[in-house]
Every structure is written in structure tokens, then in C-alpha cells.
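Which charged side chains pair up here, and where do they sit? Look at the model below, then read on.

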Amino acid sequence: MAKKLSIAETLRRTSDQLRRIRKYVANGGHVDQMQEVDALAGLAKEVADRQLAGFESPADEDDGSAQGDDDARTEGRRPPPDIPR
């Protein structure tokens with residue numbers, strides 16, 4: 001069975017891959033499309049942030065221990081971005 005990567009290693013690998021993608025886009029004569037690549041990377045980051053925030057929440061909604069006030073669970077967090085579909 002493959003060893004599960006740590007979060008730090010996953011982030012390092014992701015960062016390396018993004019760096020390579022940006023280099024290939026720029027070297028391939030598509031510098032004009034770099035803004036779109038950066039926007040997609042930013043969107044992926046926001047989605048990952050929301051997913052991580054869900055993992056870090058202190059109470060699981062299904063176990064009956066969730067707080068009754070939605071504001072208490074989201075206090076101090078940024079609202080999710082509008083994701084175009």
C-alpha cells in the first residue's frame with residue numbers, strides 16, 4: 001500500500017506542479033493566458049480552503065453536537081467566493 005503523504009508534502013508537490021504549469025504556459029507562447037491560469041489556481045485554492053474549513057470545524061452536524069447558531073460556526077471566516085458556473 002502506498003504511504004499517505006503529509007499535508008506539507010502535498011502542498012510542496014502542488015506548489016511545484018503549479019510552478020511548472022506557469023512555466024510551460026509562458027514558454028509555450030501563451031503569456032496572454034497566464035491570467036486565466038492564475039484565476040483557476042486561485043479558485044482551486046478557495047475550494048481547498050473551504051474543504052479544509054469543513055474538516056476543522058469542531059462539531060459534526062450529523063452527530064447531534066453541532067451548535068444551533070450558524071454564526072458561531074462561521075465566525076472569523078471569510079465568506080466563500082462566488083464560483084462561476
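Predicted model: local features only at pLDDT ≥ 70, side-chain atom pairs only at ≥ 80, totals over all residues.

A residue counts as exposed when its relative accessible area is over 50%, as buried when it is under 20%, and as partly exposed in between. Arg19 has a relative accessibility of 52%, so Arg19 counts as exposed.

The structure holds five salt bridges. Three of the pairs are described here.

Start with Arg19. Arg19 forms a salt bridge with Asp16, and their closest N and O atoms are 2.8 Å apart. Both residues lie in helix 1. They are three residues apart, which means about one helical turn separates them.

Now take Arg12 and Glu9. Their side chains meet in a salt bridge of 2.9 Å, N to O. This pair also lies in helix 1, which spans residues 7-27.

The next pair is Arg22 and Asp38. Their closest N and O atoms are 2.8 Å apart in a salt bridge. This pair links distant parts of the chain. Arg22 is in helix 1, while Asp38 is in helix 2, residues 34-56. The two are 16 residues apart.

Finally, salt bridges that share partners join Glu9, Arg12 and Arg13 into one network.

How exposed are the residues of the last two pairs? The table gives their relative accessible areas.

| Residue | Relative accessible area | Class |
|---|---|---|
| Arg12 | 48% | partly exposed |
| Glu9 | 25% | partly exposed |
| Arg22 | 37% | partly exposed |
| Asp38 | 34% | partly exposed |

Technical notes:
Residues numbered from 1 in each chain as written. Heavy atoms only, no water. Salt bridge = Lys/Arg side-chain N within 4 Å of Asp/Glu carboxyl O. Helix = DSSP H or I, 4+ residues; strand = E, 2+ residues; numbered from the N terminus. Buried < 20%, exposed > 50% of the residue type's maximum accessible area, 1.4 Å probe, protein only.
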